[in-house]
Amino acid sequence: MNVQPSKKMSRFAPAIFGDLKQFALQQQSNGTSLIDLSLGSPDIPPADFLREEMSRLSKLESSYGYTLTGVQTFNKAVSDYYARVNNVQIDPNTEVLQTMGSQEGLVHLPTAFCDPGDIVLTTNPAYVAYDAGIALAGAESYYMPLTKENGYLPDLHAVPEDILQKAKLLILNLPGNPVPAMPSISYFEEVVAFAKKYNIIVLHDAAYSEFYFTGNAPISFLAASGAKEVGLEINSLSKTFSLAGTRVAYIVGNAEMIAIVKQLKSNLDFGIFEPIQLVAAMALDNAEKITTKLRATFAERHKVLMNGLQSLGWEVAPSDGGMFVWAKYPYELDAVRFTYQVIEQTGVIMVPGTVFGSAGEGYVRLALVQEVSLLEKAVQQLAKIQITQTI
Ligand SMILES: Cc1ncc(COP(=O)(O)O)c(C=O)c1O
């Protein structure tokens with residue numbers, strides 16, 4: 001049989017993570033000890049009380065039916081959490097939609113609003129799921145550069161007028177992956193005015209909303225005046241509550257937009273396992289017990305890695321939040337080859353910046369997913385790098 005992928009498949013590049021890991025495992029079998037700072041998968045286990053509840057609920061015979069668009073307890077917990085943490089009122093009946101991890105929501109959402117040929121404004125660099133969703137919708141990406149000069153915030157006013165006329169959706173991510181810039185209320189207000197002017201739907205990815213290192217929490221997009229008229233926020237339990245494997249997240253915001261995405265999703269899946277939804281609700285209800293500790297841990301990790309890399313002459317993007325360090329290394333080598341050489345010489349696994357877009361050339365992303373002692377070890381290892389042109 002002559003098996004051919006669809007033309008659209010050319011827009012779905014294979015992920016580099018598997019190749020990096022395989023190369024690293026090969027080095028390990030040659031005796032190198034590995035320090036994996038590649039994936040942003042939380043290393044801290046979920047709270048005991050969440051795991052106990054998951055275990056109890058999983059034993060109930062009644063837990064195994066389809067849940068369709070989700071249980072009301074979850075929507076209510078999201079609404080309460082937004083009121084408590086962000087001072088934003090969310091109607092649990094019309095303004096919340098559960099998704100199977102935010103990846104699923106991000107990849108499907110553009111299909112709900114964009115036709116082939118429409119433009120989606122995103123950033124370079126950006127989290128990879130945005131382009132996947134844009135490709136699935138048959139839409140086109142317009143990349144707004146994230147530069148040191150603009151504080152790693154996309155400059156909306158630099159987007160050409162002809163692009164704006166065709167733009168349907170704007171995707172933002174603050175604090176971001178891979179560049180952990182923080183949002184401000186004035187920036188989000190500017191986004192609302194811009195969205196109204198050009199009739200562009202805004203999707204703010206707030207996956208790292210609980211990761212901040214000073215007293216100043218990253219604000220919710222929905223806290224900006226008028227934000228609910230123009231858009232949505234997607235947030236996830238993966239990182240904040242260490243529930244990445246359970247695949248639970250949610251979209252909140254404009255009810256009309258939520259209804260459209262809900263209609264699409266009702267054709268795609270029949271809901272998340274009920275115990276996961278109820279445990280997620282429990283996590284949201286008890287968020288503060290979990291996030292205070294989380295923040296202290298990540299603030300310390302961030303300080304150690306940032307100071308360590310700076311002491312080696314690396315340029316670290318300044319940030320008060322997020323789960324990553326975005327760093328420019330002081331060597332003349334492309335990011336992919338640099339990353340492989342670093343694994344070979346030191347066992348430290350990072351992600352080449354170019355995975356997130358062409359503007360990532362010369363940069364690497366390091367995830368704060370190891371204990372402080374291992375981050376210190378990683379810095380000591382990185383001090384030994386001797387760069388050559390080939391691997
Ligand atoms: C910015 C951002 N958004 C969304 C996701 C997807 O997370 P999940 O699907 O686990 O909610 C990630 C995962 O790394 C991410 O970095």
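Trainee: How many residues of domain 1 are in contact with how many of domain 2?
Mentor: This is a predicted model, in which local features need pLDDT of at least 70, side-chain atom pairs count only at pLDDT 80 or more, and totals for chains, interfaces and linings use all residues. Residues are numbered from 1 along each chain as its sequence is written. With contact taken as C-beta atoms, placed from the backbone, within 7 Å, the two sides number 31 residues of domain 1 and 34 residues of domain 2.

Trainee: Which element gives the largest share of the side of domain 1 that touches domain 2?
Mentor: Helices (H or I, at least four residues) and strands (E, at least two) are DSSP runs, numbered from the N terminus. The elements that give two or more residues to this side are α11 (287–311) and β10 (324–328). The largest share, eight residues, comes from α11.

Trainee: At what angle do α4 and α5 pack?
Mentor: Two packed helices are described by the angle between their axes and the distance between the axes. Here the axes are lines fitted to C-alpha atoms over the stretch in contact, with angles running from 0 to 180 degrees between N-to-C directions. The axes of α4 and α5 (residues 129–137) lie 7 Å apart, and the angle is about 35°.

Trainee: Which elements do the buried residues of α5 pack against?
Mentor: A residue is buried if 20 or more other C-beta atoms, placed from the backbone, lie within 10 Å of its own, exposed if 12 or fewer, and partly exposed in between. In α5 the buried residues are Ala 129, Tyr 130, Asp 131, Gly 133, Ile 134 and Ala 137. These buried residues pack against α4, β3 (119–124), β4 (140–145) and β5 (167–173).

Trainee: Which residue just after α5 takes a positive phi?
Mentor: Helix α5 covers residues 129–137. Just after α5, a positive phi of about 75° is taken by Gly 138.
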